[in-house]
Amino acid sequence: MQRLVLKGEKDLFASSPAVPVHDTLPAVFAMRNPNKGLEGTTVTPSGRYLYTALQGPIINPYGDGSAPPKGSTAIRVIRYDLKHMDKDPKEFLYVLDGKHLISDIAALDDDHVLFDERDSDYSYKSIFKVDFSTAANPTNIFGLLDGESLDKTDVTLENTVMTPYAPNKTYTVTPTVGDPVTVKPIQKTLFVDAKERGYNNSKLEGIAMPNDHTLALTNDNDFGVQDPDPEQVWLYNLTGTARFATDVFTNGLCRL
């Protein structure tokens with residue numbers, strides 16, 4: 001067991017020496033939108049890498065602290081090399097298709113991860129295959145765009161990336177804190193349009209690969225307090241292994 005914390009916070013855990021502490025998460029993550037922190041985490045089948053993604057854009061610049069920049073489509077994603085936990089992770093930009101959230105992620109191999117991108121209603125539920133490979137060449141922004149800005153007029157990654165995802169589009173960020181950086185986001189391709197495939201719940205909260213040719217999706221109805229949807233698991237059978245599948249079809253619906 002190891003503990004990952006924000007940069008500069010290692011000393012806060014001095015009273016727990018039994019668990020190694022790595023203060024390598026970008027300090028700017030402290031500006032996350034409340035209840036929109038690191039929502040999705042996955043370890044690759046090889047056991048080499050750990051990926052984790054914030055659920056939504058962070059509140060940077062902070063301004064009055066009430067919300068992220070309106071219209072921001074910037075999601076920060078971290079990759080740790082589990083063989084070298086003493087080293088800094090890599091940080092990448094994932095660009096949303098709109099005013100959406102990331103609820104879960106699931107690794108297919110060392111370089112390819114499924115992302116669950118959804119709205120908070122019943123209209124948009126998509127699973128994307130995301131490419132972190134050297135060939136795709138996404139920009140590692142760790143330490144480059146992690147400045148914490150308090151003035152709402154400051155320029156940051158979050159208020160620069162304000163458009164839906166477009167393949168091969170890059171963003172030049174000229175932050176008030178730091179030097180200009182041209183960022184190539186991680187590239188994504190639509191894997192499953194769950195809404196088109198019959199998924200009819202408001203939240204698509206969890207994804208998993210029970211085997212290399214089956215995709216499992218599950219919703220979250222918040223214990224039925226505000227969400228009337230039943231608790232369900234949807235299974236999708238793939239035409240091949242997830243890495244190379246070209247199509248899917250609904251294989252069954254399990255109600256919990």
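Which residues does Phe-115 touch, not counting residues up to four places away in sequence? The views below start there. This is a predicted model, where local features need pLDDT of at least 70 and side-chain atom pairs count only at pLDDT 80 or more, while totals for chains, interfaces and linings use all residues. Residues are numbered from 1 along each chain as its sequence is written, and side-chain values use heavy atoms, with hydrogens and water left out.

**View 1. Phe-115 and its contacts.** Leaving out residues up to four places away in sequence, Phe-115 touches Ala-53, Val-77, Tyr-94, Ile-102, Asp-104, Ile-105, Ser-126, Ile-127, Phe-128, Val-130, Phe-132 and Ile-207. Contact here means heavy atoms within 4.5 Å.

**View 2. The largest nonpolar core, with 18 residues.** A nonpolar core is a set of buried Ala, Val, Leu, Ile, Met, Phe, Trp, Tyr and Cys residues joined through side-chain atoms within 4.5 Å. Buried means under 20% relative accessible area, exposed means over 50%, and partly exposed is in between (1.4 Å probe, protein chains only). Val-77, Tyr-94, Ile-102, Phe-115 and Phe-132 have the most contacts inside this core. The elements giving it two or more residues are β4 (49-54), β5 (74-81), β6 (90-95), β7 (101-107), β8 (112-118) and β9 (125-131). Strands are DSSP runs (E, at least two residues), numbered from the N terminus. There's also a second, separate core of 15 residues, which includes Leu-108, Ile-127, Tyr-236 and Leu-238.

**View 3. Lys-7 meets Asp-88 in a salt bridge.** A salt bridge is a side-chain nitrogen of Lys or Arg within 4 Å of a carboxyl oxygen of Asp or Glu. For this pair, the N to O distance is 3.4 Å. Lys-7 sits in the loop between β1 (3-6) and β2 (21-25) and Asp-88 in the loop between β5 and β6, so the pair ties together parts 81 residues apart in sequence. Lys-7 is partly exposed at 37% relative accessibility, and Asp-88 is partly exposed too, at 44%.

**View 4. Lys-188 pairs up with Asp-97 in a salt bridge.** Here the N to O distance is 3.0 Å. Because Lys-188 lies in strand β12 (residues 187-193) and Asp-97 in the loop between β6 and β7, the pair ties together parts 91 residues apart in sequence. Lys-188 is buried at 6% relative accessibility, whereas Asp-97 is partly exposed at 27%.

**View 5. Glu-205 and Arg-118 form a salt bridge.** Their N to O distance is 3.4 Å, and both residues are buried.

Technical notes. Helix = DSSP H or I, 4+ residues; strand = E, 2+ residues; numbered from the N terminus.
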